[in-house]
Amino acid sequence: MPQGLRLALTVTDWAFVVYWMIAVLDMLGIVTIPQAWLYADARDARVVAWNWSFLPLDLAFAATGLAAVRLAERQHHGWRVYAVISLVLTMVAGGMAVAYWALLREFDWVWFGANLLLLAWPMAYLPRLIGELSRAQ
């Protein structure tokens, strides 16, 4: 696994695990996230539901990405399949959020930019990984 991919998967996937842990703590009232750190209408019930709808997708890309890193560390050839799945799911999550914010014309560059990054960075690795997988067939 290229070092850049290993780093990008590790940072992105652990960041989302931490994000959801904080979201759970906030939901339970154990911590309070300052309003200034939140996206637009973050306390509105529909926006809360929209955000929580990402939980399975985010955890799926985090789990498959971290599994890819772990398999690569063990020299297991199957890491590429997990990496491709993770990268595609990462792009889907980023793309869905970008589309949502764009449709609302909400361009808070912290949230919009972070999701643009999720949409874009996997493309640096996907073509090569897919090519490697197709040659292995």
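The model is predicted, so local features need pLDDT of at least 70, side-chain atom pairs count only at pLDDT 80 or more, and totals for chains, interfaces and linings use all residues. Residues are numbered from 1 along each chain as its sequence is written, and side-chain values use heavy atoms, with hydrogens and water left out.

**Nonpolar core**

- The largest nonpolar core has 33 residues. Such a core is a set of buried Ala, Val, Leu, Ile, Met, Phe, Trp, Tyr and Cys residues joined through side-chain atoms within 4.5 Å. Buried means under 20% relative accessible area, exposed over 50%, and partly exposed in between (1.4 Å probe, protein chains only).
- Residues with the most contacts inside this core are L5, L9, F54, W79, L87, W121 and L129.
- Two or more core residues come from each of α1 (3-27), α2 (45-52), α3 (55-73), α4 (79-104), α5 (109-120) and α6 (126-136). Helices (H or I, at least four residues) are DSSP runs, numbered from the N terminus.
- Helix α4 gives the most, with 9 residues.
- L5 is in contact with W79, L87, W121, Y125 and L129, leaving aside its neighbours within four places in sequence. Contact means heavy atoms within 4.5 Å.

**Aromatic pairs**

- There are 15 aromatic pairs. Rings of Phe, Tyr and Trp (its six-membered ring) pair if their centres lie within 6.5 Å; planes under 30 degrees apart count as stacked, over 60 as edge-to-face and the rest as tilted.
- Y39 and W101 have ring centres 5.7 Å apart and planes at 55 degrees, so this pair is tilted. It links distant parts of the chain: Y39 lies in the loop between α1 and α2, W101 in helix α4, 62 residues apart.
- Y39 is buried, at 8% relative accessibility. W101 is buried too, at 5%.
- F107 and F112 form an edge-to-face pair, 5.0 Å centre to centre with 80 degrees between the planes. F107 is partly exposed at 40%, while F112 is buried at 6%.
- Ring pairs also link Y39, W50, F54, Y100, W101 and W111 into a cluster.

**Helix α6**

- The buried residues of α6 are L126, L129, G131 and E132.
- Their cover includes α1 and α4.

**Surface patch**

- V24, L25, M27, L28 and I30 form a nonpolar surface patch. Together they have about 460 Å² of accessible area, by the Shrake-Rupley method with a 1.4 Å probe.
- Patch residues have over 30% relative accessible area and no salt bridge, and nonpolar side chains (Val, Leu, Ile, Met, Phe, Trp, Tyr) are joined within 5 Å. A salt bridge is a side-chain nitrogen of Lys or Arg within 4 Å of a carboxyl oxygen of Asp or Glu.
- V24 is in helix α1 and is partly exposed, at 31% relative accessible area.

How values were computed
Patches are made of residues with over 30% relative accessible area and no salt bridge: like charges are joined within 9 Å, nonpolar side chains (Val, Leu, Ile, Met, Phe, Trp, Tyr) within 5 Å.
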